[in-house]
Amino acid sequence: MATFPRVFEGEAAARFGPAFALVALLAVGCSREPDGYDPALRYADRADPIAVSLPVNPPTAMAEAGKIDEAISRLALAGGKVLDPRTVPAAERAALTKSLEDLFGTPANPLIPDSVKLPGIDLSPTALAHGSRAYKRLCLQCHGIPGDGRGPGGPWLNPLPRDFRHGYYKASTSATARPRVDDLRRVIRGGVPNTAMQSFDSLNGADVDAVVGYVIHLSLRGEVELSSLKHLLGDDGEPVDTAADLGRIAKQWDAAQAQAPAAVAGVPAENPDAESLRRGEKLFATAGCAACHVDYGRADQFRYDIWGLPNRVADLTAGKYRWGGSPEDIARRVRHGIPAANMPANPGLSEADVRDLAGFVRALPAPGKLPDDVRGRVYAK
């Protein structure tokens, strides 16, 4: 039975209403086909704009619902740089399409070349075909056939579903934007709180791993296509070599698997003492946090992510953490940032600084945990 995504709860219900409900219901209905994709189906050529550099000035609002591509295209007007894949000459585009299909197959019969191996995950054609069927049933309606985040309902969600084709994931616990296999498993199992990404904790382990493998397939294919389009559009001056690009990208994925979760030194206590919280408040102002999280995130401030789309800076007084709110989770974000969201790392902070700052951030949603003087400043209004 198809699983219906939780997109009509709370704010999402008010925002999208019955029109989106119809789209999503149609998508889920289509996903009930037990045999997966039609063997004649091919991955469509990428036609959406590619952000290659971002404007210096931050955005002032979120992208309008349903108009992702228009928002990325407008980056060029604001001083960024955007490439249009539709301008690639037809003959070169056809050659790239064939090369991608030779390497990666089709939605019904996905492939990853035998030369690509990642520890802890089966990337064989059989496993990928299993993942393809599960992905169609569970994920397509938001993430789309090529993993572009533009499924039937995807462009209407806030935040948008992840676009896998760049290989970047905000949930990564490696020191890079490339995720570890366990990161992807965790997201599928636990979902992402305060988004439409629901938990699929009822899936058995084989289904979870099959979806993980297929997401990696979509990422590798999308990254190779992206790199090739940049070559063809002259962004880097390199000739197209899809096999070489795949080898380079696969090494980056493999390197992420070899890492333990990014080290966290300075995990705060569950209930920091008053002096630690006071030091954390000062660090929040001096370490750069307050420049983005204006009024502790209560003010509407926006930053571009690496996909070229505006994201609202998190309200740290709300206590809604998409990537976990444990002391370790918050300390990790303080130390390593969120590269895909352009949240900077803080390598210069000492272990004690991380402990104090992370403890303060965790205490912000609970005024009663703050010392009287700190609470008076944070909640003066």
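## Terms and model

A crossing of two helices is left-handed if the near helix is turned anticlockwise from the far one by less than a right angle, and right-handed if clockwise. This is a predicted model, in which local features need pLDDT of at least 70 and side-chain atom pairs count only at pLDDT 80 or more, while totals for chains, interfaces and linings use all residues. Residues are numbered from 1 along each chain as its sequence is written, and side-chain values use heavy atoms, with hydrogens and water left out.

The mean pLDDT (the predictor's confidence in each residue, from 0 to 100) of the chain is 89. A value of 70 or more is reached by 90% of the residues. Residues 1–33 are a stretch with pLDDT below 50. Beyond near neighbours in sequence, this stretch has 47 contacts (heavy atoms within 4.5 Å) in the model. Where pLDDT is low, the predicted coordinates should not be read in detail.

## The chain as a whole

The secondary structure of the chain comes to 13 helices and four strands. Helices (H or I, at least four residues) and strands (E, at least two) are DSSP runs, numbered from the N terminus.

The chain has 381 residues, and 48% of them count as buried (under 20% relative accessible area; exposed is over 50% and partly exposed in between, with a 1.4 Å probe and protein chains only). Among contacts in the chain between residues at least 6 apart in sequence, 66% join residues at least 24 apart.

## Helix H4

Helix H4 covers residues 125–138, which is 14 residues. From its first C-alpha to its last, H4 reaches 20 Å, close to the 20 Å expected at 1.5 Å a residue. The expected span is 1.5 Å times one less than the number of residues.

Which residues of H4 are buried? They are Ala127, Leu128, Ala129, Gly131, Ser132, Ala134, Tyr135, Lys136 and Leu138.

## Helix H8 and its partners

Two packed helices are described by the angle between their axes and the distance between the axes. Axes are lines fitted to C-alpha atoms, for helices over the stretch in contact, and angles run from 0 to 180 degrees between N-to-C directions. Helix H3 (residues 90–104) and helix H8 (residues 242–258) have axes that come within 10 Å and cross at roughly 50°. H3 and H8 are therefore oblique to each other (angles under 35 degrees count as roughly parallel, over 145 as roughly antiparallel, 65 to 115 as roughly perpendicular and the rest as oblique). The crossing of H3 past H8 is right-handed. On the H3 side, Leu96, Ser99, Leu103 and Phe104 meet Thr242, Ala243 and Leu246 of H8.

Helix H7 (residues 205–232) also packs against H8: their axes come within 9 Å and cross at roughly 130°. That angle makes H7 oblique to H8. H7 passes H8 in a right-handed crossing. Residues of H7 in this meeting include Ile216, Leu220, Val224 and His231. Those of H8 include Thr242, Leu246, Ile249 and Trp253.

Proline 59 is in the loop between strand S1 (50–53) and helix H2 (68–73). Its relative accessibility is 11%, so proline 59 counts as buried. Leaving aside neighbours within four places in sequence, proline 59 is in contact with Phe302, Arg303, Tyr304 and Pro310. Its C-alpha atom is separated by 8.6 Å from that of asparagine 311, 252 residues apart along the chain.

Arginine 74 lies in the loop between H2 and strand S2 (81–83). Is arginine 74 buried or partly exposed? At 45% relative accessibility, arginine 74 counts as partly exposed. Threonine 106, in the loop between H3 and H4, is buried, with a relative accessible area of 7%. Not counting residues up to four places away in sequence, threonine 106 touches Leu41, Arg42, Tyr43 and Glu101.

A cis peptide bond, with omega about 5°, joins asparagine 158 and proline 159. Proline 159 is in the loop between helix H5 (140–143) and helix H6 (181–190).

Tyrosine 296 is not a glycine, yet has a positive phi of about 60°. This tyrosine 296 is found between helix H10 (289–292) and strand S3 (302–304), in the loop, and is buried at a relative accessible area of 14%. Asparagine 342, not a glycine either, has a positive phi of about 60°. Asparagine 342 is in the loop between helix H11 (327–336) and helix H12 (351–363), and at 39% relative accessibility counts as partly exposed.
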